[in-house]
Amino acid sequence: KNKQLAVIALKVKANAKVSEIRELLIINDKYYLKLSIKALPKNGKANEAILDFLSKEWRIAKTNLEIITGHNHSLKLLAVKNITLDYLNSHLNHYIN
């Protein structure tokens, strides 16, 4: 019911010791979800690892996640398809300090 498309800005640190969502932070008045990922930023490996990690973490199908900008940059925009805002907010609120 009421499934929508959400776009989330990510700030990604690749080649990290552990894959984890760190916090929500503000850069130039925009909210970014800070994410550390173990994969190296080579040949799309980190981008693939981001999708794998977030699909498991948020329990949503990987096919509903797509990096739409920032493929070769630490700042990315992630599209999340077929999700209710309540479900998404329940996950994102966990990272607000």
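Helices (H or I, at least four residues) and strands (E, at least two) are DSSP runs, numbered from the N terminus. The model is predicted: local features need pLDDT of at least 70, side-chain atom pairs count only at pLDDT 80 or more, and totals for chains, interfaces and linings use all residues. Residue numbers start from 1 along each chain as its sequence is written, and side-chain values use heavy atoms, with hydrogens and water left out.

**Exercise 1.** State the strand order of the open sheet and its edge strands.

Solution.
1. The five strands run in the order 2-3-1-5-4, with mixed pairing; two strands pair if DSSP finds at least two bridges between them.
2. Strand 2 (20–27) and strand 4 (65–69) each pair on one side only, which makes them the edge strands.

**Exercise 2.** Describe how strand 1 and strand 5 pair.

Solution.
1. Strand 1 (residues 4–13) and strand 5 (residues 75–83) are antiparallel and share seven bridges.
2. Within strand 5, K76 is the residue opposite L10.

**Exercise 3.** Find which element gives the largest share of the lining of the largest pocket.

Solution.
1. A pocket is an open set of points on a 1 Å grid over the protein atoms alone, where a 1.4 Å probe fits, with protein on both sides within 12 Å along at least five of seven lines; lining residues have an atom within 4 Å of a point.
2. The largest pocket has 15 lining residues, with P41, A46, H71, N72 and K76 nearest its centre.
3. Helix 1 (residues 45–57) gives the largest share, four residues.
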